[in-house]
Amino acid sequence: MIVDSAPATKRQRFTAVDPMELESAKAKLAAAKEKFGHEIRVFETATASSVPPDVSSNVSEEPEDFYEFTPEDYYRLLGTKKEEKHLKTKKIREAEEAVRRARITKAVIRVRFPDNYILEATFHPSETIKSLLDLLVKVIAHPELPFYIYTTPPKKQIKDFSQDFYSAGFIPGAVVYFSYDLPKASGSYLQEEVMSLQGLDSMIEKMEPDEPSRDESPTTNPPPSVPDQKPAADKKKIKPKWLKL
């Protein structure tokens, strides 16, 4: 006989909850959002790289010419654009773009540091990349040192900070990389206060009890209505033709 252990697991999660610890984690994340102006969280990648930071992002990359457009790619893309232009008017394309943009309400940006820690922050798609730079200045341990951010592959430094996240293609989310222009001082890339947020969100998810699903509460469905069947005797009596009275 196989016994489903799911209910027991849920009961264990209920009994393991420490309300004080749960509220403390929530308060800490809320205070960070209040201070930095964005929801942020910190976590570490599963595997740390042993190669120097400046080359770690390019170790597994394809060669630069792998990403270059060939003449065939160009004419194929040009033909697609021409076909789309003839099939759709400018107003239709603008309306479709407005609908797509309205559906996206946030941009989740992950900044990966050379020490394999990641800062995740939530922005509105209409905010500019400069808002990400402003946040980094607040959270990094050495804001006095010049730094830059880039995407990969191929490695491309982000220089236009006036673009919003939607126009830059950073929606619904994106991963960018952080690097100092000069050798940085020893220690963490993020401030100690920010590093203390590591793992709080996952801890809250594990500790917070699941809300009982509506499907779990048994619902009593009324039995399907069966039309009353009248006995055969109630049927209209038909006198056979051969019967003579």
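**Reading a pocket and a sheet**

In this predicted model, helix H2 (19–36), S1 and S3 each contribute at least two residues to the lining of the second largest pocket.

Student: How should I read such a pocket, and what is the volume of the second largest pocket?

Tutor: Rolling a probe the size of a water molecule over the atoms shows where empty space is left. Here the second largest pocket has a volume of about 250 Å³, and of the 14 residues that line it, Leu29, Glu39, Ile40, Arg41 and Thr122 are the closest to its centre.

Student: Which element gives the largest share of that lining, and how do the residues of the lining divide into nonpolar, polar and charged?

Tutor: The largest share, five residues, comes from H2, while the lining as a whole divides into five nonpolar, two polar and seven charged residues.

Student: Turning to the sheet, in what order do the six strands stand, and which strands are at the edges?

Tutor: The six strands form an open sheet of mixed pairing, in the order S1-S3-S2-S6-S4-S5. Strand S1 (40–44) and strand S5 (156–157) each have a single partner strand, so one side of each is left without a neighbour in the sheet.

Student: In which sense do S4 and S5 pair, parallel or antiparallel?

Tutor: Strand S4 (residues 147–151) pairs with S5 in the antiparallel sense over two bridges, and Lys156 in S5 is the bridge partner of Thr151.

Student: Which strands does helix H6 lie across?

Tutor: Helix H6 (residues 129–139) lies across S1, strand S2 (107–112), strand S3 (117–123), S4 and strand S6 (173–180), and runs at about 130 degrees to S4.

Conventions. Residues numbered from 1 in each chain as written. Predicted model: local features only at pLDDT ≥ 70, side-chain atom pairs only at ≥ 80, totals over all residues. Heavy atoms only, no water. Pairing = 2+ DSSP bridges. Helix = DSSP H or I, 4+ residues; strand = E, 2+ residues; numbered from the N terminus. Contact = heavy atoms within 4.5 Å. Axes fitted to C-alpha atoms, helices over the stretch in contact; angles between N-to-C directions. 1 Å grid on protein atoms, 1.4 Å probe; cavity = no way out; pocket = protein on both sides within 12 Å on 5 of 7 lines; lining within 4 Å. Points joined across faces, edges and corners; volume = space filled by probe spheres on them. Nonpolar A, V, L, I, M, F, W, Y, C, P; charged D, E, K, R; others polar.
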